[in-house]
Each structure stands twice: as structure tokens, then as C-alpha cells.
Amino acid sequence: MLTLLLITFPLLAALILFLAKSKTSKTIALALSVVEFIIALAAFGLYKHNPDACQLWFNVAWVQSLGIHFNVAINGMSLLMILLTTFLVPLIILSSFKNEYAKEYNFYGLIFVMQMALIGVFTANDGFLFYVFWELALIPIYFICLVWGGENRGAITFKFFVYTLFGSLFMLVGLIYLYNHTNVEGLKSWAINDLYTAGRSLTETQQSAVFWLIFIAFAIKMPIFPLHTWQPNTYVNAPTQGTMLLSGIMLKMGTFGVIKWLLPMVPLGLEKWGATAIGLSVVGIVYASCIAIVQKDYKRLIAYSSIAHVGLISAGILSANQQGIQGALMQMLAHGVSVIGLFLIADILLRHTGTRDVDKLGGIRSMNGNFALLFLIIILGAVALPLTNGFIGEFLLINGIYQFNAWAAAFAGLTVILGAVYMLRSYQNIMLGERKDSHIAFGSLASSDKWVLYIVVIVIIAFGVYPKPLNDIAEESVKQLMLNLK
Amino acid sequence: MINGISINYYLLLSTVLFIIGAVGVMARRNSIIIFMCIELMLNAVNLLLVSFSTLHNDASGQVFVFFIMAVAAAEVAVGLAILSMIYRNVKSIDTDLLSNLKK
Amino acid sequence: MKGLLIISALGIIAMLAEIFKFKKLLLPIVLLGIVAAYAFNFMEWNTSMSISYFDNMIAFDKMGIAFSGIILATAFFWFILANDYFEEDSNTVDHFALVLFALVGALMLTSFKNMTTLFLGIEIMSIPLYVLAASKKKDLKSNEAGFKYLIMGSFASAFLLFGIALVYGATGSFDIMQIRTYVSANSQSLPLFFNVGIVMLLVAMCFKVSAAPFHFWAPDVYEGSPTLITALMSTVVKTAAFAAFLRLFMVGFAGVSEMWTGVLAVVVALSLVIANFSAAMQNSVKRMLAFSSISHAAFMLMIILANVRSNLSVNALIYYSLAYSFGSIAAFGIVYNVTRNGNQNTDAFNGLAKRNPTMAFCMAVAMLSLAGIPITSGFFAKYFVFTAMITTPYKWLLILAVITSAVGAYYYLKVIIAMYFKTQVAETETIQVEKSQTLVIVLTTLVTLVIGIVPGLVANMFKV
Amino acid sequence: MIKLIALVPLFPLLGFLMNGFFGKKISKGLSGSIASLAILASFIVSVLAFIELQGSTQKENIINIFSWINSGTLQIPFEFLYDPLSSLFLLIITGIGFLIHVYSTGYMHDDEGFSRFFTYLNLFVFFMLLLVLGNNYLITFVGWEGVGLCSYLLIGFWFKNTAYNNAAKKAFIMNRIGDLGFLLGIILIYITFGSISYTEIFDKAGSVSPATITAIALLLFVGAMGKSAQLPLYTWLPDAMAGPTPVSALIHAATMVTAGVFIVVRSNVFYSLSEVASHTVAVVGVLTALFAATIGLLQNDIKKILAYSTVSQLGLMFLGLGVGAYSSAVFHVTTHAFFKALLFLGAGSVIHAMGGEQDIRKMGGLSGKIKITFITMLLGTIAISGIPPFSGFFSKDEILAHTYEHSKILWLLGMITSMLTAFYMFRMLFIVFFGKFRGTHAQEHHLHESPTSMTFPLIVLATLSVIGGVLGLPQFWGLPNWMHHNLDEVIKIKNPSILSHETEWKLMGLAVASAASVIYFAYTLFMKHKVLPAEKESQLKPWQKVIYNKYYVDEFFDIIIRKPLDAISTVFYKFLDLQIIDGIVNGVGTAVKSIGSIVRLAQQGNIGFYIISMVMGIVFIVLLTFLVK
């Protein structure tokens, strides 16, 4: 029931905003999102640490004749993702307090629709339902980018939409293929476990086919090299909050999908093609990091760095061992938080100085030391310094990849170095030295921005020093998953 | 066998008629002639039906022919009406003039 | 059956309206009539055996009733949408009558049992449409549309008849049930020309549902005809044609499916490619919708192709027609209002989100539905096709379908982008839409969403 | 006290937090004393704990704080290991740390970033303590990266100066290169032993395949190379002199840079088990030592000279480690901490006196002006040159002795290094403190001895550098070598010296003689003939130019690493990403368009054509039906 509430409440919130058309939508939205977060915390409280996964079921037939059920439940992984989503959305809304959007009630409404879809994706236990939520998440973000985006958003959002749709259509085919092989007393079923069994019953070639059909969708969403080219432009052109949604949460749909909807389905396919996929991911890490080094637009730089991070995550997942997958989960949480901070910083830079060009900026630290400090800590989180949230994930991930293949790990590990290179370079260019452009003034931060950054920084450190509460959930849920993979 | 003539001949004949009609429709540009060719095709079918109905000695085939005739008449009537309307606008019944809708 | 009769009666009444001067009342009467027809139609639902009329030439079984239901519903909305279109024209009643007679034809097509009624149905439906297509007397485009439709239509009917004749010759009957039994009895000893006959029939039907390579008339006619007539063609006519197609090939020639499925696969592939790729190039929205209707035809054909012998395809096809019809009604209704000023290009939609948010929203939903995005009904329609195709040997066709529908998203989105992103260049007047029309558009949009969220409403309905 | 060992890192942490949050609000004096007292407190705790440890028989004490990362079989608690090794390092870090804090209160007095400086300094001490206290590689790694961060912050302390920022960035990134190796090493250890706790793995090491052991040892050594500035990852250390001098003394001489030595000693089992690894360590060590020493010969920046000498001394330590003389290496770490910290602080005092001038060519004749600094530095210089009975002599001699029994060539190189060291150190001393003053009049007028807060640490350190030798008196003199005895439990695999006493005597004598002669040579050169370093680079001989420019190593790296990286990145972005990959994606779009425009050619409006194509379609289909089967 609580799960259902988690899904429906954002929808309700969206309706309220759409219909109220209130002047104070910002505050209303913030309040509502906080409520949603509290509900999530309640779920966190109710969640019992027992390994045999799913809790808080809600299951009703949707289309009986087709074996489609509205079947949602929370297990460890989805709980983590829900916490992430519900925690980030208030931050995202708060971060928007300094931006003026036309018809803002629609803007915030769409954010909530998005949240609904995302939570749906994370909780769905029915293949069809999963797909529906998956597609559903695409529509609000599409409109957010299209209506409130930057310069040539038309072409770019368009590319983004078609590209992702293209991927997910293949996923649909793959899922239907599995569905078609399910057999529960002669009936077909969309229930996830039946899909698992169906997938496992397939021959290696069939599994390989399904693996690619489904993986393509996830790979595009994440995105994995070389399917990433929609991402930087979309991130740069989307409104900051849109970018946050895309990178902070939506990206995780892909990684989460691989964990829950790919690994247990087609073990043989994974065995055969996992190496290839890991290869792509790992290449993507270095490739994207290198590109990030030469970026001038800070937002674009973050976009590429995010490709690098997600490459590491997916490589860890596909290495299909305890450390790899658990690391991926932890890193998903960490990356979500840090990237919000980074994109907000990009936005702040633009608002205060009118540019995001790292070469034009400079000497801001001497104008606002406080901001410099927050910025630095967030960067340290991004380069995975120990005792920041980034480290635990990265260590486990590289560990997992190493168990798959030492050289892959070494190559992936280059992110440790390259990440430092582009992050510190850009930080130095933006913040340190004398100010290059004399008429760039940088006053004190708006309180809303301050709060977001403070929260982000606190989480980065707290989570890095004492990850146990979340880490335990991750650990046990992954243990459970590993049983499925055997 | 109809009166000692194999059905295949009827079949052949009407097919030939049908093809002549079709080729006419394809080749000619004059709308009236096109209508006539279509009529020819329909009549080819009529012939075929009639011969088959005698072959099966079953009347329904011939009944069908009447339907065809009626419908053909209606069709032509409508066709000519439209044609006259067009003629009013372009002072011609050459089908080549009617190619503004394209691509 | 009663439905059929009522509609025919309505047609005649419409013609009398001129004489007895109750033009004004005509629309209400027609609407009531349609409602009545609808009611009677579904009364026959639970009659266990399908009652047949005219020496078993027409019989309303569940399938027939279902399709007639869709057609009548669509027609109902269409008439509301069309009321002012009739007013702006001198000889209203003729148009009423013509549309109603076309409806009669359509209903016959859903329920024929005999080649004769098939032929008659097609003609009764088509001939009024030829006229309606050309009904803008002064507009050369309209004339051309009508003329092309007529010539090519009758050319196609010639093939239909030739096919019928050959099949008759081979089997000695027009009754499709008898044909079925005969074929299954001696499938070995069938003469070669029987096969030719089937191909001819296939060709003719493909023409009617405008599948490539027999689709050439569709774009031109859609573009040339008055927008609402186009709406009629792409909804009522298409549904009827598919009902006929389904019945003819799944009831009549299921036994010899190997004779036509291969060909049909090719036709589908051609249609998918040609339709989607040309649609991507269109500036005129009407033309784009024409091509999109071709690609949807391809999808519906896939359903037939996929499972020839099972009723699943009937359900799927019914759902698809319903989803598609309602989507199109909404879309065309909006197009009709937006393109009043004569500009039929996509840029007519620029900034619609500001000029009329409701219309913009409905159009967006319609487009998403046609593109097959959840939670619109269009998605489920696509889903049925995919589920059906996955079991067939034609998996390559499925992949082709996936790719082309990605292309499809391309041109549907163009409209959305125009509405929400592009800003009106010249006059930024808000678009006023009549209450009744708004109602229709919103209603159809809602239906599109509702049956998209709860497809069970329709999908489980027809245990044919 | 041992139970409360967590207090040791806790105090600096508190100091860091207090200064971090309130530093700006409180007075300089207060924030300075908070910081210093924090370190003093942890020094006292360490001393007490140390005494307790000496008393007790329980040498390995594990103190668990909380469980940190759990992942299946990978269990990483946040726990400390207090054993002789860490106890010793605690003393060095907190002791010298405290002195340097005191010194800094004077040195940094006029800097506006005063409280910020102490914030960083406390944070550094905290991380350094974590590094040595951790009971598993990952805790050590936390400290390892943490000190790297602090060094980054402190090198770039004056953040308006781009050169300094670059130095800081360079230091961080070069360290990261090493850290990657370290990280992989840790992971390999986990995979091999199923644990990364010091107390669990070392005993199992014997039963593991040598190849794996070698791999682990080498990976860890890569990390050590980064931290301890060994070839080829040493170039950051000289640049790191951009930071305030106390930082150079604490981080880049006494403590952080010896972390590499620490980790090798911690993992000594692996190195003892792997010939290859230990040889690599030795060779890299000695080469670094020699290489850096030669560069030191011609430097003119007082801090750069000390920096290169640090690199070279670290090289000697690794040489010791490589030949299995672990305790000797640690011994040298200790003494080096004393005299190198002393020298840096002295240099700082000189720079202070000279009003920020660091070029020895501008100095001269300072001996009279700043007596305490001069005397203390003199002692330090003697210590580092290895003149008995100063501390440096003993530690260096032990290392060389072990090297001799291990390999003559390495020993020879070591000897040369220590001779060079003696030479350039005295060169510096003579040029700075003797002859006539070469600076501007303003500077001459400005000259003054530093405040007590700065001289006091100098005196203390001087004393330590003089007497520090007692920690490890030569055994063959029949004297107790405490250092050796103390680390007995830590070094699992012993390799006792097999040298006969007279060889040891010979070596020792040789060392002293050579050092003395070199010093005399330097004396004649710089005192008698008053030779001064060339004013301009153009006056140098070619071979001198090469050395003066540090063998162009920086330029070399620039050419083989930085430039290619940028180039490749640009190619990736401008060409591969935008042109090829995205090009393909957009190409699909254009392909759709072009196919579309071809397909619609068919739709060309003419009925006749439509009919024809329909018929052709029919024919095609008929053929299909009848020919396909």
C-alpha cells in the first residue's frame, strides 16, 4: 500500500500544481516533495532487513487476459533508488528558486509526473509495467527540455527523444520475446520471476539476442559509449533542473535496469557478451574523461564526466559480482548527490557571472571563499577522495571489475587520475588565480543555493565517513541478487 | 465443358479482354476513354462470371452480373459528373492536367 | 442488422429534408438515429448464434457487431465535428445523405457473408466518397482528388471482381463459408486460376486499405479532399475495409493461407518503409497523416498476417481500429480548425501551445498515441502487433517495424515541437474552436487515454 | 593509554574543526595556540602510550572504532593498529608536528590566511596519523589520500599565484598516479587473502604464489614512488616548495614523504618474499638518490636544494628497504626527520630574515647576523653529511653496510650519493652564511634573528639531530641498537648482518673519510677561492646547464605526457565524438530524409503513372506468388 502511495502521491502533487496554477507554486512544490520524501523515509523505517527481498507488495490485475499486473514492491535496491529520488527532488526544486520559469506550475507539475514515473520504474515487478513507467518517464522530461530549455533545444530534445525511444522499442521486443516464453500453467505471465525463469530456459543464442535487445535500451539511457552523443547536448541545453533530473536520477534507470532486468534474465547471454559490454563501458570511461579535459563549457564538462562515471558503474554491474554490483549501487547514490551539486554550481556561475566558460572565469575564490570551499568539497566527492561518498562506490567498483579482469580494472582505474586532472584543472581555472575578467563580480550566494550546497556537502561527507545504514541494505540486496545469478 | 468448348477458352478470352482494358487505362490520357476501358474490364469479368455460372449451372453467377452492371452504371454516372465539373474548371479532360497533388 | 436498416432509412430521410424543410433538425435526427442504430446493434450482441439475412448474405456476428460499433461511434463524433462544415455549404442534405450511405456500405462490409455483399458494400461505400472527395466544386484540388479516387477505385474494383469471378469459377460459390469448406475439402485439386483469384482479391483489398504498392491514391486524395472527408476516410472507411479484409481472408481463405501470407509480408514491408520514410518528408500535415495512415495499415495487416487462425488477431485488430480511429478523429478535428486559413503545413501549428493550450494538449496526446507511446491507446495497439509478430517466422518484419516506428516518432514529434517550441511568426491570433467540436476532440482524446490505461475495457470484450 | 589511542588523531581533528568553523572569528593568537595545543595533546598521549607499549609484552594492539565498508567477504572495519612501528611514527609526527606548529605561529604571523593555514595543518596531521595508525590498507589509504589533499591545499596556499596552483595540481595528480597502483595493490591483496587487515594477511603470505606476491609488492611500491617522490614520479616534490616553508618542513621532509617508506616497512613480508620486488626497490632507490643528489649540486634556490636532498635521502631509505634493512630505513626516516626538518626551518628562518628572498646568490655572510639559525643549520648540515657522532652518520652507515653485503655496485652508488650530499649541503652552508652579503641594502638593513617561537624549535631539533644517533647504535660496537630491537615484531622475516666486524669498521672509516674529504674540498672551493654560482644560466658549461635544468625531466614529461594527452583529448572530442560518432547518428537522420525523398519521387501525381505502377505491383506480386514456390 505504501508503495502505491509513493507512486500516486507525486501524481496527486502534479495535479494540484496543474490545476491550482498558483503564484507560489515553487513553495507548494517544495512542500509536497518534502512530504514525498517523508513517505519514503517511512518506507525506509518499515523496511525489514530480511534477505528474501520484496516487501510492501501491491499487486492487482491490470489486463487480466494478457497476464499484465500492476505489481509493485520494494526490495533493498529499489528502496535505495526511491530514497535517492525522493531526496533529490526537493533539492532540485529548491535549487530552482532563483530561476524564473514561465508557467512554473506546469514546470513543477511535470517534475512530479517524472518522479512518479521514476519511482514506478524502481518498484515495478511486472515487465510490462516496468516498460510503461520507463517510457512514461521520458515524456515529462521531454517537455521540460522542450519548453524551458536553452537555445536550439528543438533539434536536440528531439534527437534525445527519438534516440531513447529507438532503444526502448528494442527493449520492448526483447521483453515480449521473454514474455512469449513464459509458461505458468499454460498461461503467459509478465511477473518478473516468470520472466527470469523464461529467460534462463532459453538457449545461448536466444539469450544473447535478448541481452542485446534489452541492453541497448539501458546503454542509451545511461549512456554507454558509443551511444552517448545525445547526452552532452541535451544536458547543456536542458534547464538546470532538467539536467539534474536527467543526470541525477534518470541515468540511474539504465543502471538499475541492468541490475534488476538484465543480469538475472539472461545469464548465458551475459556470459557470452558481458566482456564486450564491459569493454565498451571501460573504453567510455577513459574516452569521456579525456574529452572532459578539453571542455570549455563547465556544464558540458560535467556532462562528459558523468559519462565516465556511469561507464565505471555499468562495468562494475556487468562484472556481476558482489563488490561490483554493490559498488554500483553505492556509486549511483553518490553520483546522484554530487552531480546535483555540480550542475547547481554551473548554474550559479552562469547566474552570477553570465558565463560558464572556464577560460573566461577566474579568481572567484578571492571574491567568495565560502562558495569556493563548498565547490571544492563537491569536487573531492566527484574525484572519489576517501571519506567522501564517491570513494566507497569507486573502490568497490574497481574491486569488482578487477575480479572480472585485472587489466580492465587498471584501465578503468585511470579515471582516478583523469578525473583529478579535469576536475582540478577546471576548478583552478574557475576559482583560483587572479580574476581574468575584471568586471566579473561574484557576490554572496542566494540562500536557496546555499542550502542546497550545504545539504549536498553534508551528505557527501557523512555518507563517505559512515555509509553503513545504506551500505547494509545494498549489501544484503545484492547478496540476494547473487543467489539469482548463480 | 460448355457446349463442347473448354472453359479455358472463355477464361482466356475474358482475361485478354481484361488486360486490353487495363492497358487502355494505363495508356490513354483521355478520361472518357479511360472510363470505357474500365467498362471493358468489367464486361470481361461479366463474361467470365456468366460462363462460370453455366459451367456450374448455378444462377447466382448471372445474378452477380446484374449487380455489376448496375454498379458500373452508377460509377460512370458519378464519374461523368465529376468530369464535367473538372471540365468547367480547366476546360479539358486530359488526365495529365490533373497532377497538382503530388510528392 | 437493424442498425444497418436505420442508417439506410436516415439516408433517405436526409434526402427528404430538402423537400419537407427540416434541414435544421437534420443533424439532431441523424445523431439520434446513429445512437439508436448503435443501441440496436449491440442488442444483437448476446444472441448466441449470428442471425443471417437475405439468404445468408449478411450476418451480424460478434465481430461484425464490434466493428459496426466502432464505425457508428466514430461516425457519431464525426457528425458533431462536421456540423459547421455542412452549414457553410449550400446542398447540405446531399452531403448528409452521401455520408450516411457510405456508412451503410461500411456496415455491410463489417458483416458480409457473401462475395456479392462484399462487392456491393465496397461500392456503396466508395461511390459516395468519390463525390464527397470532389465536393468542393470550385476547388480544383478537390476535383482532382475525387477524380483520382474514382478512376483508381473503379480500376481496383475491376480487379476485385476479376478475383471474385475466378474464385467463383474454382469453387462454384460466392458464399465465403461454402468457399471455405470447399477449399478445405479439396485443397489439392484447386485450379491454378483460383490462386490468381486470391491474389487479385488481395490486391483489391490492399488498395482499399491503402497498402503499398497500391497506396498512391491515398496521399493525394487525403490532401485534396475537404479535411473532414479525409477524417472520414481515415477512420470509418479504413475500419470497414479492415473488417472486410479480416473476414474475407481469415474466414474465407485461412485454409490456403500459404497462398497469400508470403505476399502479404512483402506488402507490409513495402508499406512500412514507403509510408514512414515519405511521411518524414512531408510539410503538409494532412499529407503526413495520410502516410501515417498507410503505416498504420501496415501494422494492422501485420496483425492479420501474424495469427491467421486465432481470434486473438480479431481482438487486436478491433482494439487497433478503435485506437486509431479515435486518435485520428481528434487529430483531424484539430487539423481542421488549425488549417482553416488554408495553410496546411506544419508551421500552421507553430505556438499552438500558447494560442490554444487545450487543442495543443489534445493534439500532443493524439500524436503520441499515433506514435505509440505509453500510456496512450496507440501504445497498446503497437504492443498487440509486437506480441503477435514475435511468434511468427516474420521476425525480420518485426525489427523493420521497430525501426520504422522510431522513424515514425520523428514526424509526429515535428508537430509537437512546432506547437510547444516554435513561435508563431505572422499573426498570433488565438484559435477559437466551437464548443461542440472542443467537446468531441477532448472526449476522443480522453478515450484514447482511458483505453490506453485500461485496455481491458476493449481488449477483453470480444471473445469472438 | 593504548586503549585511548584514538585520541591521538582526534585532537587534531577537533583543532581542524574549531579552526575551520571559527578560525575567521577568533584572534590569530588563539587559533594558532588551539592548533598547536591540539598537536601537543596528541603528542603527550602518544608518549604515554609509547611508554606503556614499551612496558607491555602485548605488542600488537587493535582498537576498533566502527565497521566501515562491508561487501560480502570484504569486511573493512575502521580500526587502528598500535604497534612499535606506528608508535614510533606517532612520536615523529606529533613531536615534530608540534614543533613546526609552534614555528609557524611565528613564521606565518603576518599572513591573512593565518587561521586557514592552521586548519589545513591540523587536518594534515589528522590524516597522517590515520595513515600510520590504520590496521588495514584501506584506512592507510584514507590517510594516504588525505595527506595528498592537504599537501595540495598547502602547496597552493597562496592561491592567487598561478605557478603555485600548478605546483599544487601537479603534486596531487602525480600522487594520484601512484595511488592508482596502491589501490590496485590493495584490491589484489583482498583477492589473494580475502582480507586487507595487517594483522590477518602477513602470516598467510608464505603460502601464496611468488608471482602474486611480486605483483602486490610492486603495485604497493608504485604508490610509494608517488608519495615518496621516487623516480620517475619525483618531479612534484621540488615544485612543492611553492608552499610556505613550515609546510615543506613538515609535509615534504619529515612526515608525508616518508609514508612510502612506512608502507613498505608495513608490508615488509611481501618484499622479503619477492626477490624481484626488493631488487626493484633497491635499484629505484639508489638511482633516485644519485640522480637527485647530482641535481642538488647546482641549484640556487635554498629550498630547492633541500628539496632535492630530501628526494635523494628518500632514495637512500628505499635502498635500505630494498636490501632488507627495514629497521635501518626507519632509523634513517627518524634521523632525517630531525635534521631535514631542522634544515628547512632554518632555511625558513633565513628566508624570513632576508624578507622572502630564497636565492642563495643574493645571500652571504649571514653567520654573524643570525647566529642561532646559523649554528643550528650547521649542526643539521653536519648531521646530514654523515659525520660521527651526529645522528645522520649512524642511520646512513647502517643502510650502506647492509647494501654492501647485498651488492657492491649499489653500495658504491650509495657512497657517491652521500659524498655528493655532503658537498652540496656544505656548498649551501658556505655560500649562505659566509663571504660578504650580496643582497640589496633594504634586505641588509632588514636582517634580524627570528622570534623565539621560531628559534626554539630550531634548537630542539638541532639537539635531536646531534644525539638522535643513540636510537640505533651500531651493534658490532657491542652497543644496544634500540631501533632494531624495537621493530623486532614488525619485521617478520629477519636477515641479520653477516658482515665481519673489520669490514664494518672499514666501511665506516671509508664513509667518514670520504665525507670529511668532500667537505674539505667544498671548503677550499667556496671559502678559499670564494667561488660563487653563476649569475646567469648562459655562463654555465653545457653539462652544468643540463644539471641546472634538472636534466629537462619536466620538459620531457611535458612532451611525452601532458601535450599528447591534450592532443588526444582534442582529437577525441573534435574529430571522433563530433565528427564520427555523432556524425553517424545524425547520418541516420539524413539517411531517413534522403530515402524519403527518393521514395516520394514515386508519388508524382499523374494518374497514368499510378495505374502503371499499380499494375507493375500486381505483376510483381503474381510473379512472387508463382515463382517463389
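Among the contacts in chain D that join residues at least 6 apart in sequence, 81% link residues at least 24 apart. This figure, like those that follow, comes from a predicted model. Of the 629 residues in chain D, 56% are buried. The C-alpha trace of the chain extends over about 115 × 65 × 55 Å along its principal axes. In terms of secondary structure, chain D contains 25 helices and two strands.

The confidence values were examined for the chain and for the complex. Chain D has a mean pLDDT of 87, and 100% of its residues reach a value of 70 or more. For the complex, the predictor reports a pTM of 0.89 together with an ipTM of 0.86.

The two strands of chain D were considered next. Strand S1 of chain D covers residues 61-71, and strand S2 of chain D covers residues 74-82. S1(D) and S2(D) pair in the antiparallel sense, and nine bridges connect them. One of the paired positions involves D:Asn64, whose bridge partner in S2(D) is D:Glu79.

Five pairs of chains touch, and the pair with the most contacts is that of chains A and D. In this interface, 38 residues of chain D are in contact with 39 residues of chain A. The elements of chain D that contribute two or more residues to its side are strand S1 (61-71), helix H5 (137-155), helix H6 (162-193) and helix H24 (553-599). H6(D) supplies the largest share of that side, with 14 residues. By class, the residues of chain D that touch chain A comprise 21 nonpolar, nine polar and eight charged.

Chain D also touches chain B. In this contact, 10 residues come from chain D and 12 residues from chain B. The side of chain D that touches chain B is made up of four nonpolar, five polar and one charged residues. Chain D therefore has contacts with chain A and with chain B, as defined by C-beta atoms within 7 Å. Chain A and chain B, in contrast, do not touch each other. The nearest C-alpha atoms of chain A and chain B are 25 Å apart.

Technical notes: Residues numbered from 1 in each chain as written. Chains lettered and ligands numbered in written order. Predicted model: local features only at pLDDT ≥ 70, side-chain atom pairs only at ≥ 80, totals over all residues. Contact = placed C-beta atoms within 7 Å. Helix = DSSP H or I, 4+ residues; strand = E, 2+ residues; numbered from the N terminus. Nonpolar A, V, L, I, M, F, W, Y, C, P; charged D, E, K, R; others polar. Pairing = 2+ DSSP bridges. pLDDT = per-residue confidence, 0-100. Buried ≥ 20, exposed ≤ 12 C-beta atoms within 10 Å, placed from the backbone.
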